[in-house]
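Biologist: Hello! I would like to learn how to read a protein structure, one feature at a time. Could you walk me through this one?

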Amino acid sequence: MNHAEIDALVKSFIVDTATGEVNPRVQEVVVRLTSDLFKAIEDLDLSPSEIWKGLEYFAEAGATHELGLLAPGIGLERFIDIRQDEAEAKAGLTGGTPRTIEGPLYVAGAPKSTGFARLDDGTEAEQGEVLFMQGTVYGADGKPLPGAQVEVWHANLMGNYSFFDKSQSHFNLRRTIVTDEQGRYQFRSIVPMGYGCPPEGTTQRLLNQLGRHGRRPAHIHFFVSAPAHRKLTTQINIEGDEYCWDDFAFASREGLVPSVNRVSDPAELDKKQLDKPFASIDFDFHLNAETAVVPSSIVERQRASA
């Protein structure tokens, strides 16, 4: 079949059979995606077995909760960000901290504090490197933003996240920090480790077929929000990680790999009540003003809540 014939066939299947009330947007999307799928089947001459194996793959990915991992792995989540960047640039919104992917491992409801929080529960303090990260949240006018909300989460030394990893304490390595009167935030944690896709999972199995690895560099996630400003979804990579610029999820971006300073000065150690050197990262967040002329920065998607 040629493409025109496929378009007519899909219309007869989906549009012409409608007898009840139609959601025009849903119909438009279904018609387009079905037409594109049928055309791909025709152009690639997919066999019935290949088609059904594809359907089985997606069923398994859904059942094992890996669709949220597959989306960044094939670049879909990065593509969404690229479109948001383009829309903001067209509207003249520039100068903000680069956005990057959220990933599938956020959990709502982390404990909230003002100015400072300790993220880790101490169970890995001896094995890990203590990290202090601090900075200022700036508004669209370039001034510090008191009362901004900085949500932060990252993996432990095994590359696992609390809530999904039941061996960790409740909300380990997850906090919400409200900036102080100077718009500043700081947290103490441990330097996280990178990790990979589950080796036998659906995402890694596909990556193997594509000749790709499934590794992520060590990184720290953030949601940063404030009234009258666009919500920022971003993450920083830990400088020096082997996969810092080779992230299977395509989340690495210029401006999101801050320097890691190693502090060993006895006076600083005493001030932090530490007996060994620690890592320190300075990183400021710059938010753009909210505007109705670009798509919302609030992404509606299913997320875990504890």
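Modeller: Gladly! Let us begin with accessibility: a residue is buried under 20% relative accessible area, exposed over 50%, and partly exposed in between, using a 1.4 Å probe and protein chains only. Lys-53, at 56% relative accessibility, counts as exposed. This is a predicted model, where local features need pLDDT of at least 70 and side-chain atom pairs count only at pLDDT 80 or more, while totals for chains, interfaces and linings use all residues. Residues are numbered from 1 along each chain as its sequence is written, and side-chain values use heavy atoms, with hydrogens and water left out.

Biologist: Which residue forms a salt bridge with Lys-53?

Modeller: First the idea: a salt bridge is a side-chain nitrogen of Lys or Arg within 4 Å of a carboxyl oxygen of Asp or Glu. For Lys-53 the partner is Glu-56, with the closest N and O atoms 3.2 Å apart. Glu-56 is partly exposed, with a relative accessible area of 42%. The structure holds 18 salt bridges.

Biologist: Where do Lys-53 and Glu-56 lie?

Modeller: Here we need the naming of elements: helices (H or I, at least four residues) and strands (E, at least two) are DSSP runs, numbered from the N terminus. Both residues belong to helix H3 (residues 48-63), and they are three residues apart, about one turn of the helix.

Biologist: What about Asp-85 and Arg-99: how do their side chains meet?

Modeller: They meet in a salt bridge, at 2.7 Å from N to O. That pair links distant parts of the chain, with Asp-85 in helix H5 (residues 76-90) and Arg-99 in the loop between H5 and strand E1 (107-108), 14 residues apart. Asp-85 is partly exposed at 21% relative accessible area, whereas Arg-99 is buried at 11%.

Biologist: And what does Arg-253 form with Asp-85?

Modeller: Arg-253 forms a salt bridge with Asp-85, and the closest N and O atoms are 2.9 Å apart. Arg-253 sits in the loop between E11 and strand E12 (261-263) and Asp-85 in helix H5, so this pair ties together parts that are 168 residues apart in sequence. Through shared partners, salt bridges join Asp-85, Glu-88, Arg-99, Arg-230, Arg-253 and Glu-290 into one network. Arg-253 counts as buried, at 19% relative accessibility.

Biologist: Is Thr-234 buried or exposed?

Modeller: Thr-234 is buried, with a relative accessible area of 1%. Its place is strand E11 (residues 232-237). To list its surroundings we use contact, meaning heavy atoms within 4.5 Å. Leaving aside neighbours within four places in sequence, the residues in contact with Thr-234 include Pro-98, Arg-99, Phe-222 and Phe-285.

Biologist: Which backbone atom lies 2.8 Å from a polar atom of the Thr-234 side chain?

Modeller: That is the backbone oxygen of Pro-98. We can read such pairs as polar contacts: N or O atoms within 3.5 Å, where, within protein, one must be able to donate a hydrogen and the other to accept it, and residues adjacent in sequence count only if both atoms are side-chain atoms. The side chains of Ser-167 and Asp-165 also make a polar contact, at 2.8 Å. Ser-167 is exposed, at 66% relative accessibility, in the loop between strand E5 (149-154) and strand E6 (174-178).

Biologist: What does the side chain of His-229 reach?

Modeller: The His-229 side chain reaches the backbone nitrogen of Ala-140 at 3.0 Å. His-229 is found in the loop between strand E10 (219-225) and E11, and it counts as buried at 15% relative accessibility.
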